[in-house]
Amino acid sequence: MTDSIVEYRGISKYFAGIRALQSVDFSCKLGSIHAVLGENGAGKSTLIKIMSGVLQPDAGEILLDGKPVSFSTPQSANEAGIVCMFQELSLVPDLSVAENISISHPPRRFGLIDRREQVRRAEELLARVRCEDVDPNAMVRELSLSRRQMVEIAKALGKSPKVLILDEATSALTSRDVQTVYDLLAELKAEGVASLFISHRMHEVDALCDTLSVFRNGQHIETFAKGEKTEREIVHLMIGREVEAQFPPKPPAPSLPDQGEPLLRVRGLSWQNRLNGIDLSVHGGEIVGLGGLDGQGQKELLLALFGVLRDVDGEVVIGGKKGIPSSPAAAKSAGTRLALVPEDRKTEGLMLGMSITDNLLASSFQRISREPFIDPVLSRKTVEEGISRLQIKTGSASDPVMTLSGGNQQKVVIAKWLMIDPDVVLLNDPTRGIDVGTKQEIYKLMRDLANAGKAVLFYSSDYAELIGCCDRVSVLYSGRVVAEKQGDEITEESLVAASLNIDVEAA
Amino acid sequence: MHKSTLKRYFSQNLGVVTASLLLIALYVTYNFMHPRGFSTAVAVQNTNEAAAIAFLAMAQTLPVLLGGLDLSVGAVMTLSNCVASVLVNGTPGEIVFGMLATLATGTAFGALNGCIVVYGRIQPIIATLATGAIAIGLALIVRPKPGGDVDGDLGWALTNSVWDFADTYELADGGDAWWLQPFVDIPVPFLLVVLVAVCVWVPFKRTVTGRTVYAIGSAEGAAFMSGLPIDRARIAAFTLGGFFASCGGLYLAIQTSSGNADLQQAGAYTLNSIAAVVLGGTSLLGGVGGAIASLVGAGILRVISFYFRILDIDPLLQPLIEGMVLLVAVSFGAIRTIRVKNKLDLFR
């Protein structure tokens, strides 16, 4: 392995005595696109955080170009040519795009920052990631999540990396941008840059990478070239056990007219210019998927139903009662209760610093109180039920929720909402950034809820999930439902065609 | 399409633009109502009263941009004031040394604040509450009783118009040189504040350290991950705050030709500096705003108090009315939350 740019030798890292990485030997070659796979908590994040100077290893050494190095800060890693794009974006919202792109090494004139040069440089880099539509003088705060991610990529490129680390870099991107990133990585590969790529989307890994490494429980399991193993074998390596059927079986498609009044009916729902007359219904006992490209109004629809948006027009009937709930508090306590598993679990789903117990109970204090006090016995019982129902892996329920892995954090969010015994469950991309095992548990849970007569409305950016989980799928395109598929009509082809708003049969 | 530069400036700086318009409207109206309005004498008097709070507002801006508060700015001003009252006199050389020593005192104290916050890992609000008390204590040692003998010529020259300045030091033909004529009516304190702002704040904002201050207040995690010099920026912010506070103290000493270790005055200045920063449109959450905006805020705060004199309002009512005006003014900042269509945006 003479051409390896970065090499780990026996790297170990512990957090409060818990092993995150154990004697890991790992290397990454120049001019390769290297995928790192593993369940959440497998040690992938720790691996890249050590490489990028955020964490220091407890044992072992890192070689860069054959020379031992140690990075005490992200800055020193950057200077050595290792640039990391983190899942949690590293952009400063109150600075402009141009300022963010050259934040650590701005162009200077007479010792002061040269703004004109800075804007020029930003334009150049934005053009390279095909984001000419982004105004370099706009505040990052004003941009959508997908645009921010592209700015983040432009910023990383600006540091002319030798090793580029992408941690779930495409999770918020539109398909067009994903293609741009693919092209870009191919270009970088030709220039001899090593890219480390972390993703939970198998087809992405398949399309992009030439080398794959699997991690499990803090250990490096195996590294192999693409094509050496089947998808099934890779998944097996990741979870260490054989996977059964990925999705729980669906009930036979019911004939719609017999089902009676739906639990949730939406007609002509409009908001700003993001929702333009959505028609939709969800019956008790079924899972309805929201499909389409990112940013076609799926998230806004769920927020609108949960009472988060102001000035929403259109007719909504929930459990026979007309009207949109005025707030999340109203939505969860109406006659027909709504629950929303939000997009961003770290800010909207959880209070990270508070205990698992407090987070689990946050939505259901009314149910466990004897006014005006919270009943400690009842609350302990409720928490235990929630933890066992979703099989949340915790040390103690009094630990802060941030000590859990991503998948278990998401389980806490879901368990919290199940405690109010909701009639309509809204899920906003609940499996984003979550390991395979937890994903399957969430699929099963959704089916169990439907079987118990609940209405489930489920947005996912992953077509395979929509195909595997949903009884019906409504595909959104610029704020409208452009297609409704059910049963066998739900295929990857039909969903992709509908999300591009083209008619395959006609074409 | 990209927005035009001017349009973008207004939309991104709505707070300070509104505050500036308010200040201009208030001050012009005041001059119309004043029997000797639009005269050099009135301008000189007004700027004299506003200079110290203007410096303090700039001092407070930096910690606020970081997302914190500095409760010691008034005390550092008082300490510098007392040091100046002892040192700023004698030969011209001694006077210059005294002024530099005064500024160095405040700057060093600011640096101390910064080091305590960074290396002691103590929240700014509580660290500066403690160091503020220490500063007052030191001030009382330097000057147990109010008094002092600051150089009289200097006092006269710096607290009047440009003509008086030139006249005092016999510069530019005693102020009668033709090239000085367009400027003779400008009050010197106004020039001093502008000079400090332009020579210190404006360049600072364009350094990496200055930008890091904004980045920390806006998203500290992102600032760290971007490899910015976080500790250096924190210390620099408090140091610069100390410098501005000492400018205020020095000016106060020159203006009153004395020093006074007055605890109440220090506290009042600290609170007013926070009010000025907020009025200027700087966010208490950090990351948005600037020292120029705070100067505008300080101006508004002072102009309101000028109105009490010409309107003959009972001085006893002054705190009540000032409080209400402040409340109304900061409420403008809350108007945006009514227009927000996605309630989640309120928490971001």
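The entries below go through the cores, some helices and a few loop residues.

**Conventions.** I am working with a predicted model, in which local features need pLDDT of at least 70 and side-chain atom pairs count only at pLDDT 80 or more, while totals for chains, interfaces and linings use all residues. Residues are numbered from 1 along each chain as its sequence is written, and chains are lettered from A and ligands numbered from 1 in the order in which they are written.

**Cores.** I looked up the nonpolar cores, each a set of buried Ala, Val, Leu, Ile, Met, Phe, Trp, Tyr and Cys residues joined through C-beta atoms within 7 Å. Here a residue is buried if 20 or more other C-beta atoms lie within 10 Å of its own, exposed if 12 or fewer, and partly exposed in between, with C-beta atoms placed from the backbone. The largest core has 168 residues, and those with the most contacts inside it are Ala154(A), Ile53(B), Ala54(B), Phe55(B), Leu56(B) and Ala215(B). Helix H13 of chain B, residues 230-256, gives the most to this core, with 16 residues. Another core, of 71 residues, lies apart from it and includes Leu280(A) and Ile414(A).

I then asked which residues Ile53(B) is in contact with, leaving aside its neighbours within four places in sequence. Among them I found Tyr269(B), Ala276(B), Leu301(B) and Arg302(B), where contact requires C-beta atoms, placed from the backbone, within 7 Å.

**Helix pairs in chain B.** Helices (H or I, at least four residues) and strands (E, at least two) are DSSP runs, numbered from the N terminus. Helix H4 (residues 73-87) of chain B packs against helix H5 (residues 92-119) of chain B at an angle of about 155°, with the axes 9 Å apart. That makes H4(B) roughly antiparallel to H5(B). Axes are lines fitted to C-alpha atoms, for helices over the stretch in contact, and angles run from 0 to 180 degrees between N-to-C directions; those under 35 degrees count as roughly parallel, over 145 as roughly antiparallel, 65 to 115 as roughly perpendicular and the rest as oblique. On the H4(B) side the contact includes Val76(B) and Leu79(B), and on the H5(B) side it includes Gly98(B) and Ala101(B). I also noted that 14 of the 15 residues of H4(B) are buried, so this helix is largely enclosed by the rest of the structure.

Helix H11 (residues 208-218) of chain B meets H13(B) at an angle of about 95°, again with axes 9 Å apart, and the two are therefore roughly perpendicular to each other. Thr209(B) and Val213(B) of H11(B) are among the residues making this contact, as are Ile230(B) and Ala233(B) of H13(B).

**A helix in chain A.** H14(A), residues 406-418, reaches 19 Å from its first C-alpha to its last, close to the 18 Å expected at 1.5 Å times one less than its number of residues. I found 13 of its 13 residues buried.

**Loop residues in chain A.** Phe110(A) has a positive phi of about 55° although it is not a glycine, and its place is in the loop between strands S7 (108-109) and S8 (112-113). Is Phe110(A) buried or exposed? Phe110(A) is exposed, with 7 other C-beta atoms within 10 Å.

Asp311(A), not a glycine, has a positive phi of about 55° and lies in the loop between helix H9 (298-305) and strand S16 (313-318). Asp311(A) is exposed, with 8 other C-beta atoms within 10 Å.

Note on methods:
Contact = placed C-beta atoms within 7 Å.
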